[in-house]
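Work through the exercises below with the model open beside you. Try each task before reading its solution.

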Amino acid sequence: MSAQVWIDGLFAGSVYALVALALAIVFQPTRVMNFAQGEPIVLGAAISYQVVALWQWGWPAALLVTLLLGVGMGLLSERMIMLPVRLSGSRYAWIIATLAAAMIFQALFTLRYFDVDSLRPKALAPGHVEVLGARLGWQQLLTIGVALTVMAGYDTFLRRTAYGRAIRAASHDGDAAVIMGVPVRRVILLSFVIAAVICAFAGALAAPILFIGPTSGLVFTIKGFTAAVIGGVGSPRGALAGGLLVGLLDAVVRNLAGATAGDFVVFGLLALILVAFPSGLFGKPMEAH
Amino acid sequence: MSASAKAPARTQVLHAALRWLPAALTAVAAAVLLAWPAITDFYSYNASYYNGLVASAAISAILTISLNMSMGYGGLLSMMHTGMQLLGGYAVAYMTVKQGLPWFAGVALAMLLGAVFSALVLAVSLRATYLYFGMITLAANLIVVEGGNAWESVTGGVTGIVGVAPGGLTKTQFYYVTLAVAALVYIVQRNVVRSGVGRAVMAVKESPDTAAAMGIRPTRTKTLIFTLSGAIAGLSGSLYALQLGFINPDVGILDNGLVFFVGLFLGGIGTLAGPVLGVAVIAIVVELIKDHARYTTLFLGCTLLLAMMLIPKGIVGTWRGSRLGRPPEGEDREPFGALPASVLPGAVDPDVPALQGRGLVKHFGGVKAVDGVDVSVAAGSVHGIIGPNGSGKSTTVACLTRFHKVDAGDVLICGEPAPGRPFAVAEQGVTRVFQAPHLFEQQSVLDNVLAGMRRREKYGAVSAILRLPRYRRREAVSRAEAANLLAFAGLSGRAAQLAGSLSHGQKRLLEVVRAVASGPRVLILDEPATGLVPAEIDALARLCRAFRDHGLAVVLIEHNMDFVMDVCDRLTVIDSGKVIACGPPAEVRADPAVLDAYLGRPDLVEDLN
Amino acid sequence: MTALLEMTGIRAGYGGVRVLDDVAVTVGEGEFVVLLGPNGAGKSTTLKVLSGLLKPSAGAVSFAGGDITRVPGWRRVGLGIGHVPEGRRIFPDHTVLENLQLGGFPLRRSRARTQKLMDEALELFPVLAERRDQAAGTLSGGEAQMLAIARALMSDPKLLVLDEPSLGLAPLKAAELFSYIKRLHAERGISVLLVEQLALIALRLADRAYVLERGRIGLSGTAAEVEADPMVKSLYLGGDSAA
């Protein structure tokens, strides 16, 4: 097995880690595991494809549009998911609402790009370096770097700022946070926006290399979820560890046993971990909504 | 005068009409569906398309009913129903196309596979909480789909298996087969839900603790309903493959499951007719917008979100909650009759305490919530356990009923060591009513009482599904006893009403009746009088005394002191995890230690004066 | 004395169950008011309406001269209502210092004021200063209750609302806690609304008292009047109130 496999694994893993982080960001204050969390990945890929490959406006424009539409998608997701969850009162509301949101976004992407197989613009950072005989693309390095920076940044935000402490408090006990003066509803809205923007940028950065089609959202959600479970839905560090593990495992198994075996092993591992460690490997248990 | 006499008459006619409305609609629908092949043949050149449409909807309805049994009644979030459908499809395709066996052998294998697969998934995930259970089913679903992609020799890989057909049947004959199976599955669902088996399932869903306190085994009950649901999902998958003629891994992906979720939530989750109605509505709508088929998913997604906000209980649930659709409000009646002998403990030995705890100790972290409590409850008495908030009363009771493992001490039930699990304690005759009400709000008052009887019912799922004599005899006895109990509690006028529409006080009373229906020797009530008006407290006191006079031991944890002083024969006062007084109410009331515990010690506060 | 807090005609409940019926509670500027009543009488529900966690179906809440019935709960803290909730509800994974910082969330932009409040809180409760970097979940019951009070003080409240602070504390610890509350009121002039089960202690501390009974105000008056009323004892220990 060549070093190339490891590099590709680390690269894909950093994208999964970002999805895992986004899932955790939304899950903590809402107790909602957002099945639409992979959709902003597709959004980011679609924007970079549209702006860079079709319109030829260049990457700065693409990143700006990604930011704007990412924020919009976050706001919209919050309404689409939290309104039904608050109004319905069913114990399944979260799963049904997030699945419906995922399907709606997916349908919209498919309507726009029904004739596009892979949303792939040219790289933001073209070229590569040779490392131990393997090609490490600058784009890959950039994505991994961004992922690490986002993780570290969010970790610091949670620990060092008043708003970060408020988010942690709202995750632990929403009512108690309210009577401390924390606007919990606003925290929730903010969580959806941050999560969507993170995933949209991850999608835009990954699109030149990773396969992202109009219907890929759910796959990214599930891989990100696997990463979150492995790492524990508590800390950005856990998300990072989980994401890299999933990416590496995926790449290694694909390399050893062929393309279809990768997913099989990842999902098998997910099942095994869930069965054997009902609270993840490193984290605290997630309590249901 | 005549106008006021006419008004109730008109309401009565209206109610009668409404009662028959569902039956009439069902009859019309059944007639249309039976005549459907003839109708389409007459009106259309494309009859087989329209027949196929209805057959596909019937198959969807079967899967949605299966989903309803697991999620709606069982409370088990399943994201693997499309995967089980895929399994069923593979089973029938493999048997017919690859082995050349008849199609019904494939159907049988499909049901078996579905049942075994779901039982396995449940067995490995018993420790998982509700959210994780859902996630395990999701992983299981992905594994089935990926397995289908990978195991080419059996499943045909990505392309799947084509040429699946119900050999020997014409398309029209198969149409009737799917219709008949859908009807059968609906009946199975109804028979399960309206039996002790289904009531046990709903009890576990509502609250595993309450169920265990009624002597219902949560694990066994969940396994049963999930396995049955799996078998039906497999069945649906086999029909799907036979109807469409092919099966491939795309059938199993979660995206395709959305339509079933929409059907279930639109129609009404946890209702009998909801899944069928929801699927029918979707089938009609999808057919109407088929010229814009690429918008179908978008449309379904938006419909689902809107339905959750506008009619959170679905069509059936909303109808049943509406003024027209709900059972007429009952009336208050005076209590009459006597307690049925079968729920009473019979002769009791007054010298052996019915329930006894000796030296109970329970720590939470470093805090001793219960610190060496001795309590002894005599048969045929009302025993109050009182104390200030947070003193350890509820923890003591949780230790006595084995909901908490004790760190030290013994529990004896009628002199025998108590078994280790909550449901086993309940089987020994110690039941409890929790502080927070756990009624089945969507079921009738009578059904709620029947749920309490499950411990004494000896029939299983098969008897219930086939309505064997064993089931019929016991069900008749259960209903008669439940009616007696309700009459004795003064709730007979409200037996048909939904439990959710009772007043708070009636709900508490109903919970007590349901607990007694399990035929206990010891009945533990946790703050039953909270929020009750005086008349309701009197009714509760009357029930407690009646139970005591018939040999039951009643344990009362209560804050309403008038009530406690009025009905209790003995009191145990707990403060900071220790017994500070024990004796008859009058004695306890005068005890200075009790006064201090309740009212505080102002002399300890510095600079107060 | 002008009224700081005025709740009038409050009706509220959960689902279909009405818990409060026409409850009126007033706390004057600098006053110490205690709300008594047996379990289930609606004391905690009254405080939930006050904190904005529960919307009343009828009635009005006004604070410092303005109507706050429709003001969301988180904003009321900034207006000057500090809460010490039932069961303390401290954030166990946050450190003691972080818990205090959270209490100062509404004032997070004025650092100097926050620092001053923090110094005052740590001075009042030296034990918290010793444990400032410890996770709050490791505190003992009495320390955790002090943290809950200190946390509420961090928003510089005009009115301190305490829900059963003595719950689960040994008598001596409870007595120590009440001394602190008494001092806060006497030395800093903070108005206090105290919900308490230990009626005799609470009545000695308070200026005025209300007794809730089954969702209604059954009795109100000065603390001495209420203490003298036989109804109070009978509410807790049963028996005929005329006896």
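**Exercise 1. Classify the packing of α8(B) and α17(B): roughly parallel or roughly perpendicular?**

Solution. Step one: take the angle. Helix α8 (residues 196-206) of chain B meets helix α17 (residues 445-452) of chain B at about 90 degrees, and their axes are 9 Å apart. Axes are lines fitted to C-alpha atoms, for helices over the stretch in contact; angles run from 0 to 180 degrees between N-to-C directions. Helices here are DSSP runs of H or I with at least four residues, strands are runs of E with at least two, and both are numbered from the N terminus.

Step two: apply the classes. Under 35 degrees is roughly parallel, over 145 roughly antiparallel, 65 to 115 roughly perpendicular, and the rest oblique. Therefore α8(B) and α17(B) are roughly perpendicular to each other.

Step three: list the contact residues. α8(B) supplies R199(B), M202(B) and A203(B), while α17(B) supplies D447(B), L450(B) and A451(B). Contact means C-beta atoms, placed from the backbone, within 7 Å.

Step four: sort them. Four are nonpolar, none is polar and two are charged. Nonpolar covers Ala, Val, Leu, Ile, Met, Phe, Trp, Tyr, Cys and Pro; charged covers Asp, Glu, Lys and Arg; the others, Gly among them, are polar.

Before going on, note that this is a predicted model: local features need pLDDT of at least 70, side-chain atom pairs count only at pLDDT 80 or more, and totals for chains, interfaces and linings use all residues. Residues are numbered from 1 along each chain as its sequence is written, with chains lettered from A and ligands numbered from 1 in the order in which they are written.

**Exercise 2. Check the length of α3(B), then say how many of its residues are buried.**

Solution. Start with the span. Helix α3 (residues 81-98) of chain B has 18 residues, so at 1.5 Å a residue it should span 26 Å; its end C-alpha atoms are 25 Å apart, which agrees. The expected span is 1.5 Å times one less than the number of residues.

Next, burial. In α3(B), 16 of 18 residues are buried, so the helix is mostly covered. A buried residue has 20 or more other C-beta atoms within 10 Å of its own, an exposed one 12 or fewer, and a partly exposed one lies in between; C-beta atoms are placed from the backbone. Just past the helix, G100(B) has a positive phi of about 70 degrees.

Chain B has 609 residues, of which 53% count as buried. Its elements are 24 helices and twelve strands.

**Exercise 3. Which strands stand at the edges of the six-stranded sheet in chain C?**

Solution. Write the order first: β6-β7-β8-β3-β9-β10 (chain C), an open sheet with mixed pairing. β6 (81-84) and β10 (216-222) of chain C each have a single partner strand, so one side of each lacks a neighbour in the sheet. Pairing requires at least two DSSP bridges between two strands. From one strand to the next, the twist averages 15 degrees.

Now inspect one pair. β6(C) runs parallel to β7 (residues 159-163) of chain C, over four bridges. There, V84(C) stands opposite L162(C).

**Exercise 4. Which element gives the most to the side of chain A that touches chain B?**

Solution. Count the contact: 35 residues of chain A meet 37 of chain B. Elements giving two or more residues on the chain A side are α3 (59-88), α4 (93-112), α9 (217-231) and α11 (259-276) of chain A. α4(A) gives the most, with eleven residues. By type, this side has 29 nonpolar residues, five polar and one charged.

Definitions and conventions: Two residues are in contact if their C-beta atoms, placed from the backbone, lie within 7 Å.
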